[in-house]
Amino acid sequence: MIQLHNVSMAYQQDASALNNVNLKIGKGEFVFLTGPSGAGKTTLLRLLYGALAPNRGQVLIDGQNISRLPASQIPYLRRSVGVVFQDFKLLQNRTVFENVAITLEVLGWGKADIGKKVMHILKQMGIESKYSLTPQRLSGGEQQRVALARALVNDPKILLADEPTGNLDDANKNQILSIFKEANVRGTTVVVATHDRRLIEQSHKRLVVLNKGEIVEQMEKGKNGDDQAL
Amino acid sequence: MNRWKKEKTATIKPYKRPTLSGDGFGGRFGYFVARAITNIRQNIFVNVVTVGTITIALLIVSLFLLVFINLEGAVENWSERVQVTVYFDKELTTSEQSVFRDKILALPGALRVGYVSRDEALKRFKNRLRGQETLLEGVRSDVLPSSFEIALKRASRETESVETFVSALKRIPGITEVQYGEEWVRRFNSFLSFVRLMGVLVGGFLVIAVLFIVSNTIKLTIYARRDELEVMALVGATRFFIKAPFLLEGLLQGLAGSTISIALLFGLYEGFLHNADSFLTFNPVTSGLGFLPLEYIVGIFVSGAVLGFVGSFTSLRRFINV
Ligand SMILES: Nc1ncnc2c1ncn2[C@@H]1O[C@H](COP(=O)(O)OP(=O)(O)OP(=O)(O)O)[C@@H](O)[C@H]1O
Ligand SMILES: [Mg+2]
């Protein structure tokens, strides 16, 4: 589903953010991406939704090389990739419903279908009663669930999350994690970049550790307690 | 290795789109209009600022136009006084009059010709010296010349055309003495060009200032909503899809701004018309003070729409680099 081949990326001439990265993530996999600050986690994710193009190497999504994708094609890539962030990126002057509906409006869905689908996913996220509120009246966890609803409402092939639980307490973290897992069960490939040790340990998923732009360690699905060594 | 090399094609086919009830350009257009209207409602402050700026900008420019057009009209009316006079030292017979009249009117630029007989000239002279008639005692009409007074067509009232006309006039046999207030014509014409030059300079300066202010306001309002652009791009909206509602919004803002500014201008004009005679020495109602001609009003509408649309268009280009 996702393949990186000899990918290097530098924002400035001399400082490289990613250095010769090779990574293969299969369809339906759930992968954590971790590493110290500045390791290149965000950079790697941005390559995957076409916000950046690599300086060298190839990025393949679903068998298609997106490393030299013309700007006009990027929207079509993003329609099959959901993205969430630590700061949610919700529109403050629109309701929860409208925030989630954007994804389907872009796809050209009709009003009635949008209504059904959005309420359905809000119910899955457990926030259907808040559909008419604006984001500033929601808790952090609820806001992240709105962002997740927006990312997942069109059943994307891939879900990317950058530090999705950074601002949340444990109860909310667990809720968000179970939403990731549910999406994964339904067939979405999930890539989560995080610092959060506990989140990683709890979920027993494949782990990729980055440091200074290089993959320094990989761990297949950790059994409970096995990856303490990290 | 080879497997990777093969994947050079950099195109992604549009992913499948379920249920497309609002699809096609018609459906999309409906969506864009609805989106633009919702956006205006949800960003009411930003819209008030933009419409207000466009209104004030257009009001300043149209107020200037109104003043300028009336001023230029007034100045041009003075050019009625550009007149060429041909003097004769004898009274002309009726047949002589009509011969000269025909010859003068045949010259390019001549508008009207009026014969002033010696008696008529004396009458005018007396009128001018009213109260001091004693000065004219014993003066008989035959000391005064008879004359033709020639009014010129509007296009022929400039210094050079007047000179050309006069030299053509002098080539008519029997015409020797011609006067046309050379100095006055020259001064009048340079004043008129000065008024026009000032108009173009001040007007041009105003337009540039206004363009600068409006484009910066629009840029700021779009900057304030860059998260909207970012989110749209994130969920896979094409550039056109992101821009279209903003462009429509800009168009509507421009039309609203021009409508309000024309309404305000008309209010100012009416108010001036009905209250000005108390502090002016003339009555503006009877002095032919006019409102902007229709084509100028249409022009203001069009400029408003263009201002809103192009302002949004160029500002969006700075923020949408996806
Ligand atoms: N927009 C940018 N311009 C220039 N350099 C950047 C930019 N974004 C990131 N970098 C640099 O690239 C490197 C990798 O950054 P990146 O954001 O990918 O790290 P990260 O692993 O996400 O860190 P964190 O855990 O703090 O989010 C860092 O050295 C960073 O300084
Ligand atoms: Mg980061």
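Which strand pairs with strand 1 (residues 2-10) of chain A over 5 bridges? Strand 4 (residues 56-61) of chain A does, in the antiparallel sense. I count two strands as paired if DSSP finds at least two bridges between them. Helices (H or I, at least four residues) and strands (E, at least two) are DSSP runs, numbered from the N terminus.

The model is predicted: local features need pLDDT of at least 70, side-chain atom pairs count only at pLDDT 80 or more, and totals for chains, interfaces and linings use all residues. Residues are numbered from 1 along each chain as its sequence is written, while chains are lettered from A and ligands numbered from 1 in the order in which they are written.

Ser8(A) stands opposite Arg56(A) in strand 4 of chain A. Helix 1 (residues 41-48) of chain A packs on the sheet and touches strands 1, 2 and 4 of chain A. I count a contact if C-beta atoms, placed from the backbone, lie within 7 Å.

Then I took strand 2 of chain A. It pairs with strand 1 of chain A in the antiparallel sense over 6 bridges. A hairpin through 5 residues joins the two. Met9(A) stands opposite Leu18(A) in strand 2.

I looked up the whole sheet of chain A. It is open, has 4 strands and runs in the order 2-1-4-5, with antiparallel pairing. Strand 2 (16-25) and strand 5 (64-65) of chain A each have a single partner strand, so one side of each lacks a neighbour in the sheet.

Last, chain B. I found 10 helices and 4 strands there.

Terms used. Contact = placed C-beta atoms within 7 Å. Axes fitted to C-alpha atoms, helices over the stretch in contact; angles between N-to-C directions.
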